[in-house]
Amino acid sequence: MAVDPRFHPVAQPLTLGDAAATAGGELRGGDPQRLISGVGPLDAAGPQAVSFLDNRRYAGLLPATRAAAVVLAEDFAGRLPEGVAAIVTAQPYLGFARIAARLHPRPAPRPGIHPSAVVDPSALLGEGCEVGPLAVIGAGAEIGAGCVVGPHAVVGEGVVLGDGCRIGAHASLSHCIAGRGVVVHPGARIGQEGFGFAVTPEGRFETMPQLGRVILGDLVEIGANSTVDRGSQGDTVLGAGTRLDNLVQIGHNVRTGRGCVIVAQVGISGSATLGDGVQMGGQSGLTGHLTLGDRVRVSAQAGVMNDVPAGTDVAGTPAWPAKDTLRAMAALRKLGQKPAQG
Amino acid sequence: MAVDPRFHPVAQPLTLGDAAATAGGELRGGDPQRLISGVGPLDAAGPQAVSFLDNRRYAGLLPATRAAAVVLAEDFAGRLPEGVAAIVTAQPYLGFARIAARLHPRPAPRPGIHPSAVVDPSALLGEGCEVGPLAVIGAGAEIGAGCVVGPHAVVGEGVVLGDGCRIGAHASLSHCIAGRGVVVHPGARIGQEGFGFAVTPEGRFETMPQLGRVILGDLVEIGANSTVDRGSQGDTVLGAGTRLDNLVQIGHNVRTGRGCVIVAQVGISGSATLGDGVQMGGQSGLTGHLTLGDRVRVSAQAGVMNDVPAGTDVAGTPAWPAKDTLRAMAALRKLGQKPAQG
Amino acid sequence: MAVDPRFHPVAQPLTLGDAAATAGGELRGGDPQRLISGVGPLDAAGPQAVSFLDNRRYAGLLPATRAAAVVLAEDFAGRLPEGVAAIVTAQPYLGFARIAARLHPRPAPRPGIHPSAVVDPSALLGEGCEVGPLAVIGAGAEIGAGCVVGPHAVVGEGVVLGDGCRIGAHASLSHCIAGRGVVVHPGARIGQEGFGFAVTPEGRFETMPQLGRVILGDLVEIGANSTVDRGSQGDTVLGAGTRLDNLVQIGHNVRTGRGCVIVAQVGISGSATLGDGVQMGGQSGLTGHLTLGDRVRVSAQAGVMNDVPAGTDVAGTPAWPAKDTLRAMAALRKLGQKPAQG
């Protein structure tokens, strides 16, 4: 299966030998000079393409694959059919990603400012930036070299972007300082007012001024239509390399460490603190003012209501250590079965 | 209650006889020549309007309704007051929808391209398209006849839309092939990069190139601010007639059958496969790589972690067959009650 | 810690005496003529700034604070170090909010229409409105005095906004009547079609025309990327002072009372009715057609499936009275523990 050339650049062909070297793997059973020109899943990749096996759920597809080569772990190398080369590595997904990125490199920015964009004269743009149709760049914004600002994106007054950032269509940023290589996908909202108000004795709400910023570390990625509120007084901070999927909510004053992974539709309430390498499964949530230690893993849909020490896996609502939750749910299921079914 | 003419076209009057025929129902107790000019809920419809009863929760409103006629099922026809006609049908909601659509037809597109829109010269637009203020249509896009592209919508490079599509304000589409009659509500994000990356031995994340597309079948509808990521290698596919409510997340490589119903805030993780007619309740979620058979129904807030065979109803987190979950929750509630209350 | 002047106006200095009066509190241990020029959290506020203590979780920071003064309750006044004044009040959060708002008042609108905005000639704008770059205002829209319409915002045909509304970047409003002082944060979607369709005997979906409006009471606030569908026949109504956080879904025909608080990622299904002062925790949801009485509180992630009487707290999925749910979860946890651990 080749990529659709309407949407993706056609591949730069690569030899199998180059591919194996790129993947950091060992080529077995294939001609190192054979050219490949694409990638594809096991059941669709043709004889010009490289595929991979990472999730053993798909191992049954190996014997019938028509790919030129498959990136996989040692254990599975023997299951390939005649004529299909193996690229053997302990990290097949990483190896494959690197081959795919060489075959289909991300298109470089097309430097220039579209005539329909509205760029304030006081904004500073680095070398080689691409600013799309109808983008808006506010007064005093500072944009590093080689950034791409998509159509209809708004980079607000005073916002700072490091080199090589990519801002998707319709995204908006305000009150934000971003490092280099930050990626904001379409429709994400960064830096708006958080949800903060005081209640008067008469029961009316008075907005608490939201006087902080959003600080995005190098290489942070924010998914489509996600929302990251600015701090109320201090800052909201996402540590370097942290990635948010789509439709994630980050409340004011949240601070994450480096390399956190926040899956779609997670909600992190205000003033939570996450260590390095925290992982939160889809639709999980934290109540406010919690602390999660380094490498905590939160299961999908879990609701965390207490601090969690480093290295702990939690699950359920309220979230308990994952093993406790699994046992409790097994006991509950037994309890709910009719005697005749037990 | 009449519609607000600032927002909706005024009704084309209709006779009760025509209305009954449109609904595929039988008119009882009313003059077929009587004119009606609007629709409304049971407690607000006046003597020029038609109403309906579909949810028996509202049956208590029947005796006091002032509507000209009510579309309802046989069982309830006897509860109408004197002077209110019945339009009796086995599908009152469908019948009423058809009457409402005749009285208040959707306004036709207003052909033309707003002078502020940015349309690439290489884009192809069919007959009778309406392109709103500040819309952006990219190079090589192909837009069918009679499409409406709303204000600020972005139809990206190479995107294909069939005839009669409607793209809402601020929606963005890239890497997407859509059939005819597709509706994308405001702010929806279609075709952006999915959430895919490999982890290096040092713990850094490297993005997996996302080389696929989004394929939307005929008559698919995507709710406001929903997100549909493109495939990583193959495609993300929504089958014909499938409808997504607002704020839904569809991960890369998801494939649904025809006529699925995905309620608001559902999250479908990457590479899940849904059969035809699958229904997912609000805020429910699937973990990745699952298969749901035809006509599976997932309860609101359920978290599905295993494959589900066709025709099964599931509920809870982790999701079990709905009856098991109901029994388990009843047992749990009993367990939690104090002896004095049990 | 001072605010970042790139993003926030520099404070207007204030005396401690004025600050205490603004907060409605009593100044203790400080010179009423001492000037303050900023606000900050307890651990970052410097000797020119005022801080506060509202959540006792942070009381341990009191002895080391370097703030000029701290707004707090009587019980904690004795814990401040030498030289730090106390502003004692029964509502420290409210008092602090008022000081912060005096030091950092919200910038006034900058009257004028950006030349890139697209304003229909039939739209009516009140005195002193600010209309940002590339905003779109439709035919017949009526916008009150002193409103701010952000960059790329769309105020649709016929939409009415009261005085002093603020519409964020990329927000879209259609079919909507808003009171005064309404705030719509970036990317929110107001007034689009709800999720309504009938099913034909052949299994096809036919859209139910959505003929109502959205009515937003005075001082309503809608969070970033939230979605509020218009009514199907009657209206969707948010009562005065009601606040929605980010990524909230409000289905068609929902009606809330005054002063409801709806936290991020909540989903309220169609035709639900909420009384005054209802609070819904993050990621909670209601099934359709429910009624919640005044001052009902719904816990985070709860799934409410039945009507709830006024003044009741509910938790869990399905939601039960919160005390029952807490007991049931405690019993469940015991059940899941190994005998050796019990």
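Student: What makes up the secondary structure of chain A?

Tutor: It comes to 3 helices and 39 strands. Helices (H or I, at least four residues) and strands (E, at least two) are DSSP runs, numbered from the N terminus. This is a predicted model: local features need pLDDT of at least 70, side-chain atom pairs count only at pLDDT 80 or more, and totals for chains, interfaces and linings use all residues. Residues are numbered from 1 along each chain, chains are lettered from A, and side-chain values use heavy atoms, without hydrogens and water.

Student: Why is the pair Arg98(C) and Glu206(A) called a salt bridge?

Tutor: The term needs a side-chain nitrogen of Lys or Arg within 4 Å of a carboxyl oxygen of Asp or Glu. Here N to O is 2.5 Å, so the pair qualifies. Across the interface of chain C and chain A the rule finds 6 salt bridges.

Student: How many residues take part in the contact?

Tutor: Chain C gives 63 residues and chain A gives 71. Contact means heavy atoms within 4.5 Å.

Student: What share of chain A counts as buried?

Tutor: Of its 342 residues, 60% do. Buried means under 20% relative accessible area (1.4 Å probe, protein chains only).

How values were computed
Buried < 20%, exposed > 50% of the residue type's maximum accessible area, 1.4 Å probe, protein only.
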